[in-house]
Amino acid sequence: MGDGGDHPDFDTLAVRAGVARTQFHEHSEALFLTSSFVFDNAAQAAARFAGEEPGFVYSRFSNPTVTAFQDRLAALEGAEACVATASGMSAILACCMALLKSGDHIVASSSIFGATVQLFTSVLSRFGVETSFVAGADPAAWRAAVRPGTRLFFLETPSNPLTEVADIGAIAETARRAGALLAVDNCLCTPALQLPLALGADLVIHSATKYLDGQGRVLGGAVLGRSEIVTKAVFPFLRTAGPSLSPFNAWVFLKGLETLRLRMEAHSAAALEVAAWLERHPRVERVYYPFLESHPQRALARRQQRAGGAIVSFDVKGGREAAWRVIDATRVISITANLGDTKSTITHPATTTHGRISAEARAAAGIGEGLLRVAVGLESVEDLKRDLARGLGT
Ligand SMILES: *Cc1c(COP(=O)(O)O)cnc(C)c1O
């Protein structure tokens, strides 16, 4: 990402961007736990409220620690503007509330986060916004789903749990022709591995809860993109409706961003090793990981991502019983559906994250009874392999 000029590289921005020291010249970023800010006089208060004078007013919409996080994440994603939110879901909600109205239509990839599907189908639908779901990896399907009211395209890549890769550039072009905006949930790759805006997306969504923190501590989210969208439309919604990021959580994320690239590369290297090992295991039917030679979209994945990320999924021979045996034999890996942590996690999608959809819909989505998803953490790879081998048998 270095351009040879004065613009700092990613690693420098991850550590230095967004720093604004107080009069005490602290070295580490300051944490401003304050709900409001005081003014020198009545005229200044009036000017701050009117937006005529820059400065902080009230932490629902302006706080120096949150601003530092927004500026740093914007620098890393190459975005003009960033608005931080209370969670990943509130980032998606803020985006939709700011950009859509009754009668509008969303086209979304069918393999997106479960709560996002619920938000689109159970909440936005009550306000007259309809969603069509398409096979995200098929650019023609996006084109075919466009209607006169289509305003937003929404995707995640790689998908979770099957790691299907969507071509951001091609889908961005389809969105542009349709007069719609493309939003990419960049949660699994983070800007350390993938830069959707540079590939043509209009908006990037984050659940900062996952890899931006990376250590499983706090919730948060963000919306990034051009100022005309993020500052002019998403920020006013946040200011009025209030799903704002806590300054404490922003401070945790600031520290998380400093090690983001190191962590994502370590997660990816370990995940690739686990994936390759699983692929050679006689009790494993199939492995899903974007940087494996066997992945049907490995070329696209390598063009679009710097590494494969932490998520490895695999089909165990023997269905649910065999899959559950692998889970129950683990001693290191945590049994939880969460991801984005230094601690590795394992889940059985068919009975957890995808348990509420019908068996037919699950089968159509390729989520079999033998499928397991591992979010590879930062423990020793040898220990992780031993942990999985125990339940797989030989
Ligand atoms: C977790 C997650 C979300 C939601 O984020 P929260 O911070 O839990 O609200 C959205 N998208 C993806 C891909 C996620 O993994």
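Val204 is buried, with a relative accessible area of 0% (buried is under 20% relative accessible area, exposed over 50% and partly exposed in between, using a 1.4 Å probe and protein chains only). Its place is strand E6, residues 203–207 (strands, E, of at least two residues and helices, H or I, of at least four are DSSP runs, numbered from the N terminus). Keep in mind that this is a predicted model, where local features need pLDDT of at least 70, side-chain atom pairs count only at pLDDT 80 or more, and totals for chains, interfaces and linings use all residues. Residues are numbered from 1 along each chain as its sequence is written, and side-chain values use heavy atoms, with hydrogens and water left out.

**Around Val204**

- Setting aside residues up to four places away in sequence, Val204 touches Glu77, Val184, Asn186, Pro196, Leu197, Ala222, Val223 and Leu224 (contact means heavy atoms within 4.5 Å).
- Glu77 sits 127 residues from Val204 along the chain, yet their C-alpha atoms are separated by 8.2 Å.

**The loop between E4 and H7**

- Strand E4 spans 150–156 and helix H7 spans 168–178, and Ser159 is found in the loop between them.
- Thr157 has its place in that loop too, and counts as buried at 1% relative accessibility.
- The side chain of Thr157 reaches the backbone nitrogen of Ala166 at 2.9 Å. That's a polar contact, meaning a pair of N or O atoms within 3.5 Å; within protein, one must be able to donate a hydrogen and the other to accept it, and residues adjacent in sequence count only if both atoms are side-chain atoms.
- Leaving out residues up to four places away in sequence, the contacts of Thr157 are Glu164, Val165, Ala166, Ile168, Asp185, Cys189, Gln194 and Gln304.
- The peptide bond from Thr157 to Pro158 is cis, with omega near -5°, and Pro158 lies in the loop between E4 and H7.
- Another cis peptide bond joins Asn160 and Pro161, with omega about 10°; Pro161 is found in the loop between E4 and H7.
- Ser159 is buried at a relative accessible area of 3%, and apart from its neighbours within four places in sequence, Ser159 is in contact with Ser111 and Glu164.
- Thr163 lies in the loop between E4 and H7, where it is buried with a relative accessible area of 2%. Its phi is near 55°, a positive value in a residue other than glycine.

**Another positive phi**

- Thr190 has phi near 65°, again positive in a residue other than glycine.
- Thr190 belongs to helix H8, residues 190–193, and counts as buried at 1% relative accessibility.

- Within helix H13 (residues 319–328), Ala322, Ala323, Val326 and Ile327 are buried. They cover an arc of only 145° around the axis, which puts them on the same side of H13 (the arc is that of the directions from the helix axis to the C-beta atoms).
- An α-helix has 3.6 residues a turn, so residues three or four places apart point the same way.
- Turned away from the buried side, the other face of H13 carries the exposed residues Glu321 and Asp328.
- The cover over the buried residues of H13 includes strands E9 (311–316), E10 (334–335), E11 (345–347) and E12 (371–375), along with helix H15 (381–392).

**H4 against H9**

- Helix H4 (residues 88–99) and helix H9 (residues 227–241) have axes that come within 8 Å and cross at roughly 105°. That makes H4 roughly perpendicular to H9.
- For the geometry, axes are lines fitted to C-alpha atoms, for helices over the stretch in contact, and angles run from 0 to 180 degrees between N-to-C directions. Angles under 35 degrees count as roughly parallel, over 145 as roughly antiparallel, 65 to 115 as roughly perpendicular and the rest as oblique.
- On the H4 side, Ala94, Met97, Ala98 and Leu99 meet Ile229, Ala233, Val234 and Phe237 of H9. By class, this contact of H4 with H9 has 8 nonpolar, no polar and no charged residues (Ala, Val, Leu, Ile, Met, Phe, Trp, Tyr, Cys and Pro count as nonpolar, Asp, Glu, Lys and Arg as charged, and the others, Gly among them, as polar).

**Arg21**

- Arg21 is in the loop between helix H1 (10–16) and helix H2 (42–49), and is partly exposed, with a relative accessible area of 43%.
- The side chain of Arg21 reaches the backbone oxygen of Glu26 at 2.9 Å.
- Beyond its neighbours within four places in sequence, Arg21 is in contact with Arg16, Glu26 and His27.
- Gly309 is 288 residues from Arg21 in sequence and 34 Å away in space, C-alpha to C-alpha.
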